Amino acid sequence: MAAAAAILELDPSHERAGRVIDNIVRLERRIFPKHESLARSIHDELKRRNSGLIYMASSGVAGGDGDEVVGYAMYTCPTSLCASITKLAVKESCRRQGHGEALLAAAVERCRRRRVQRVSLHVDPARTAAVALYRKAGFQVDATVVGYYAPQRDAYRMYMDL
C-alpha cells in the first residue's frame, strides 16, 4: 500500500528547504541523463521569477517526518499567456501509484490560478508512460522537436489549453 503523501510548494526560506533540495538533486541524478539534469543548476532555477517547485513528501514512513521526496514538478509562468512544466519526476519505487498524476494536476492548477491560458511541456517520445500520463491529463502533441534532447533524440512538444 502506498504511503500517504502531501504536495507542498517549496519555500526556499524554510529550514527544511535544504534537505528537500538535496533529495530532489539525488532524484535528478538517478532519473535523468547528466545533460538533462537540473542537479547543478537547481538553485539558479529556483531564483527565477515566476517559477515554482512543488514536491510530494512521504508522510507515511514509519517514524518519518515527511522529508522523503517521492516526486516533484517544476514550472514557470513567464507570461500570462503560457506556462511551461519544465520537470516532472517520481522516484522509481513510487511510480504507478498516482503520484505523477497528482503532481501534474497540482502544477497545472497552480498555472490556472495565475490565469495562464496554455501550459506546455516537452517529453521524450520513448518515455511512453510519461506520454500516456500527459495525454490522460488532457495534453496534446503540438509538434515533434527534432534533436531537442540530443542529436537523434527528439521531443514531443505538448500543450493543454486552460
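This is a predicted model: local features need pLDDT of at least 70, side-chain atom pairs count only at pLDDT 80 or more; totals for chains, interfaces and linings use all residues.

Colleague: How many helices and strands are in the protein chain?
Modeller: The protein chain has 4 helices and 7 strands.

Colleague: And in what order do the elements run from the N terminus?
Modeller: The order is β-α-α-β-β-β-α-β-α-β-β.

Colleague: What share of the residues is buried?
Modeller: Of the 162 residues in the protein chain, 43% are buried.

Colleague: Switching to contacts. What part comes from residues 24 or more positions apart?
Modeller: Taking contacts with a separation of 6 or more, 59% join residues 24 or more positions apart.

Colleague: What about the accessible surface of the protein chain?
Modeller: It comes to about 9200 Å². Carbon and sulfur atoms hold 48% of that surface.

Colleague: Now the inside. How many cavities of 30 Å³ or more?
Modeller: The count is 1. The largest cavity has a volume of about 50 Å³.

Colleague: Which residues line the largest cavity?
Modeller: Glu45, Arg48, Ser51, Met74, Tyr75, Thr76 and Thr86.

Colleague: Which element gives the most to that lining?
Modeller: Strand 3, residues 69-76, with 3 residues.

Colleague: How does the lining divide into nonpolar, polar and charged?
Modeller: There are 2 nonpolar, 3 polar and 2 charged residues in the lining. Glu45 and Arg48 are in the lining and count as charged, because Glu and Arg belong to that class.

Conventions:
Residues are numbered from 1 along each chain as its sequence is written. Side-chain values use heavy atoms; hydrogens and water are left out. Helices (H or I, at least four residues) and strands (E, at least two) are DSSP runs, numbered from the N terminus. Buried means under 20% relative accessible area, exposed over 50%, partly exposed in between (1.4 Å probe, protein chains only). Contact means heavy atoms within 4.5 Å. Accessible areas come from the Shrake-Rupley method with a 1.4 Å probe; for residues, only the protein chains shown count as cover. On a 1 Å grid over the protein atoms alone, a cavity is a set of points where a 1.4 Å probe fits but cannot get out, and a pocket is an open set with protein on both sides within 12 Å along at least five of seven lines; lining residues have an atom within 4 Å of a point. Grid points are joined across faces, edges and corners, and a volume is the space filled by probe spheres set on the points.
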